[in-house]
Amino acid sequence: MPASTPAVDVPPQPWTGRFDGDGAEHRRWWQAVAKYDAGATAGSAKQPAALLGFCSDEGVRRNKGRPGAAAAPAALRAALGPLAFHLDRPVADAGDVVVSGSGLEAGQERAGRAIRGMLDSGQLTVVLGGGHETAYASYSGVAASAAVQSGRRLGVLNLDAHFDLRDEPVPSSGTPFLQMARAEAAAGREFRYAVVGISEPNNTRTLFSTAQELGVRYLLDEDCGAEQVQEFVAGFLADIDVLYLTIDLDVLPAAVAPGVSAPAAYGVPLPVISAVCRQVVRSGKLLHFDVAELNPDFDVDGRTAKVAARLIDTLLR
C-alpha cells in the first residue's frame, strides 16, 4: 500500500451512477471521484477533498438508539454517485474504517489517524458516518493535525437536535462533545463548541447545565429563523481560525430526514441548514466536516440520503 494512502479496513470500491457520456459536460460524481492518493492531486487549482467512510453504529447501540447507521457510508455514496458534478476541486475516496462488535474506541482511533494524515497532506477531509460517535473520530484527527497543533483556534459547529454532552462511563453517540471538552482541557486549549437546532424537550436539564458550565453556544430549534442562524454562525466563526463542522441529520424535520436514529418532531428547515453550509464555505475556515446518523433501515425513498448528499455537494463548492 502506498505511503500516501491512509490505513483503512475496506479500500475504496467502484462508484456507480447514471451514464450520459464521457465528456466533462456529462460528468457525474461517480465518474469524477478517484481512488485516494495524496500525491495524485498535487498542484490542483483548488484544495482537493478526501472522503472517508466510518461504518459504525456501536455508539448508537450504547446510547439506546436505533442501530443501522453502519450502513450509511454506502448509502451516502449511492446517493452522491448520480449527482451532476459541478465542483472545481478533485474529490477522492479513501475507503472505510469499520467498527466491528464492541471495538468503537479502536475504530475511532484508526479513523482519527487516517483523518490526520489526509489533513496534513493538504486535503479537505470529509467523513461519511456512522452514528454520531463519528464526531469523536473526526475530532481525534482534527485535533492532532498540524493546523490545530500549530496553535490555530479550533471551533466545533454542530448542527443537531442534541448536545451529545452525556457523562457516561462508556463512550457512545451521546458523549462525543463532552469527550472533546475534556480532551481540549487536557491539551490546554479553550473548548469552542456551538450547536444549531437544540430541541429543548429532547435534552435534560443536566445537559443544559453541562452546556452552560462548558460555555457552549446554542440556538434552540424554535429560534432557528434564517437571520438568527446567520448571525449566530457569523459570531461563532469570528472567534475561531479553523472549523470542524458536524451535521447530525436529526437536526432536520422528520418529514425531510426520516432515516435517522431519532427523528425530529420539529427540526430546523432544510434551507436554513443549507444556508449554514454555504456560509461556512464562504468563511474559508472549513478544515473538516462529517455527516452522521443516516440510518438507511428507516429511510423513505432514500430521502435522507439524498438530502445528505446535497449538503455534502454544497459544502464542497
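These are my notebook entries on what I looked up in this structure, which is a predicted model.

**Entry: aromatic rings**

I began with the ring pairs. The count comes to nine aromatic pairs. I picked one to look at: phenylalanine 163 with phenylalanine 208. How far apart are the centres of these two rings? They are 5.1 Å apart. The planes stand at 85°, and over 60° counts as edge-to-face, so this pair is edge-to-face.

Next I asked where the two residues lie. Phenylalanine 163 is in the loop between β5 (154–159) and α7 (176–186). Phenylalanine 208 is in helix α8 (residues 205–214).

Phenylalanine 163 has 0%, so I noted it as buried. Phenylalanine 208 has 16%, so I noted it as buried too.

I also found a cluster. Ring pairs link Trp15, Trp29 and Phe85.

Which residue sits over the ring of phenylalanine 298? It is arginine 66, with its charged end 3.7 Å from the ring centre.

**Entry: two helices side by side**

I turned to helix α5 (residues 134–144) and its packing against α7. The axes are 8 Å apart, and the angle is about 25°. Angles under 35° count as roughly parallel, so α5 is roughly parallel to α7. The crossing of α5 and α7 is right-handed.

Which residues make the contact? From α5 I listed Ala135, Tyr136 and Tyr139. From α7 I listed Pro176, Phe177, Gln179, Met180, Ala183 and Glu184. I kept a general point beside this list. An α-helix has 3.6 residues a turn, so residues three or four places apart point the same way.

A cis peptide bond joins glycine 129 and glycine 130, with omega about 20°. Glycine 130 lies in the loop between β4 (124–129) and α5.

Aspartate 164 has a positive phi of about 55°, although it is not a glycine. This residue lies in the loop between β5 and α7. At 9% relative accessibility, aspartate 164 is buried.

Aspartate 301 has a positive phi too, near 55°. I found aspartate 301 in the loop between β9 (286–292) and α11 (303–315). Is aspartate 301 buried or exposed? Its relative accessible area is 66%, so aspartate 301 is exposed.

**Entry: aspartate 57**

I looked up one more aspartate. Aspartate 57 lies in the loop between β2 (49–55) and α2 (58–62). At 12% relative accessibility, aspartate 57 counts as buried. What does aspartate 57 touch, leaving out residues up to four places away in sequence? I wrote down Pro67, Gly68, Ala69, Ala70 and Glu133.

**Entry: an enclosed helix**

I ended with helix α3 (residues 72–80). How many of its nine residues are buried? Seven are, so α3 is largely enclosed by the rest of the structure. The buried ones are Ala72, Pro73, Ala75, Leu76, Arg77, Ala79 and Leu80.

What covers the buried residues of α3? The cover includes two helices, α1 (29–32) and α11. The strands β2, β3 (91–98) and β4 are also part of the cover.

Methods:
Residues are numbered from 1 along each chain as its sequence is written. This is a predicted model: local features need pLDDT of at least 70, side-chain atom pairs count only at pLDDT 80 or more; totals for chains, interfaces and linings use all residues. Side-chain values use heavy atoms; hydrogens and water are left out. Rings of Phe, Tyr and Trp (its six-membered ring) pair if their centres lie within 6.5 Å; planes under 30 degrees apart count as stacked, over 60 as edge-to-face and the rest as tilted. Helices (H or I, at least four residues) and strands (E, at least two) are DSSP runs, numbered from the N terminus. Buried means under 20% relative accessible area, exposed over 50%, partly exposed in between (1.4 Å probe, protein chains only). A charge sits over a ring if NZ of Lys or CZ of Arg is within 6 Å of the ring centre and within 35 degrees of the ring normal. Axes are lines fitted to C-alpha atoms, for helices over the stretch in contact, and angles run from 0 to 180 degrees between N-to-C directions. Angles under 35 degrees count as roughly parallel, over 145 as roughly antiparallel, 65 to 115 as roughly perpendicular and the rest as oblique. A crossing is left-handed if the near helix is turned anticlockwise from the far one by less than a right angle, and right-handed if clockwise. Contact means heavy atoms within 4.5 Å.
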